[in-house]
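The sequence and the coordinates are shown next.

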Amino acid sequence: MNERDRNAYLATKALQIRINSLRATTAAGSGHPTSCLSMADMIAVLFCDVLRYDYAHPDNPNNDRLVLSKGHSVPAVYAALHGLGVITEQELLSYRRIDSPLEGHPTPRFAYNEAATGSLGQGLSIGLGMALNARHEGLDYRTYVMMGDGEMAEGSVWEAAALAAHERVDNLIGFVDCNRL
């Protein structure tokens with residue numbers, strides 16, 4: 001696929017993520033749709049072009065990890081998984097229902113969520129632990145952490161970044177969604 005076609009494909013996937021994030025939060029009557037909209041392009045690139053992940057085996061120890069530090073934007077992840085055929089339309093629209101594993105913030109109750117997140121500022125520390133575990137266990141997975149610009153003032157983010165630099169961690173990738181909110 002040439003670069004132009006690839007960019008068009010990813011733009012289409014990002015649009016689908018935006019639409020399905022809105023559909024899920026509307027069906028729930030709650031959620032944080034604007035946070036989903038602002039990161040849809042990054043999620044599309046991660047899920048459709050970057051992540052090395054065996055969706056048939058979410059417990060595969062070599063699957064890449066995604067920690068959603070801005071956990072309130074998890075509908076975008078659910079929308080991406082729906083676009084990949086991992087979850088059904090019915091499951092997507094069950095977001096935040098009491099009997100649904102698709103909760104308002106990521107929890108391990110849903111097999112594809114790596115960690116419970118929600119308090120802004122904790123995701124990079126969690127991701128650093130996962131990245132260090134890969135090194136310790138001799139695994140080659142990468143850990144991606146999606147952070148919001150609002151949490152960049154949290155000291156724990158910078159402590160984790162400093163420790164990652166000190167430990168020369170090369171399998172931890174942090175993204176910041178700069179939506180100014």
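A charge is said to sit over a ring if NZ of Lys or CZ of Arg is within 6 Å of the ring centre and within 35 degrees of the ring normal. Arg65 and Tyr141 give a case: the charged end of Arg65 sits over the ring of Tyr141, at 3.6 Å from its centre.

The model is predicted, so local features need pLDDT of at least 70 and side-chain atom pairs count only at pLDDT 80 or more, while totals for chains, interfaces and linings use all residues. Residues are numbered from 1 along each chain as its sequence is written, and side-chain values use heavy atoms, with hydrogens and water left out.

Aromatic rings come next. Rings of Phe, Tyr and Trp (its six-membered ring) pair if their centres lie within 6.5 Å; planes under 30 degrees apart count as stacked, over 60 as edge-to-face and the rest as tilted. How many aromatic pairs does the structure hold? The number is 7. In one of them, the ring centres of Tyr53 and Tyr55 are 4.7 Å apart and the planes stand at 35 degrees, so this pair is tilted. Ring pairs also join Tyr53, Tyr55, Tyr78, Tyr95, Phe110 and Tyr112 into a cluster. Tyr53 has a relative accessible area of 16% and is therefore buried; buried means under 20% relative accessible area, exposed over 50%, and partly exposed in between, with a 1.4 Å probe and protein chains only.

Tyr78, a member of that cluster, belongs to the buried part of helix α3. Helices (H or I, at least four residues) and strands (E, at least two) are DSSP runs, numbered from the N terminus. Just after α3, Gly85 takes a positive phi of about 80 degrees.

Thr25 lies in helix α1 (residues 3-28) and is buried, because its relative accessibility is 6%. Which residues does Thr25 contact, leaving aside its neighbours within four places in sequence? They are Ser30, Gly31, His32, Pro33, Pro75 and Tyr95, where contact means heavy atoms within 4.5 Å.

The loop between α4 and α5 holds Arg96 and Ile98. Arg96 has a positive phi of about 70 degrees although it is not a glycine, and at 34% relative accessible area Arg96 is partly exposed. Ile98 is exposed, with a value of 82% relative accessible area. The C-alpha atom of Ile98 is separated by 36 Å from that of Glu159, 61 residues apart along the chain.

The 12 residues of α6 (residues 155-166) should span 16 Å at 1.5 Å a residue, and the end C-alpha atoms are 16 Å apart, which agrees; the expected span is 1.5 Å times one less than the number of residues. Just after α6, Arg168 takes a positive phi of about 55 degrees. Arg168 is found in the loop between α6 and β3 and is exposed, with a relative accessible area of 68%.

The cysteines come last. A disulfide is a pair of cysteine sulfur atoms within 2.5 Å, and a search of the whole structure finds 0 disulfides. Cys178 is in no disulfide either, and its nearest cysteine sulfur, that of Cys36, is 17 Å away. Cys48 is partly exposed at 22% relative accessible area, whereas Cys178 counts as exposed at 59%. Cys178 has its place in the segment after β3. The C-alpha atoms of Cys178 and Asp41 are separated by 12 Å, with the two residues 137 apart along the chain.
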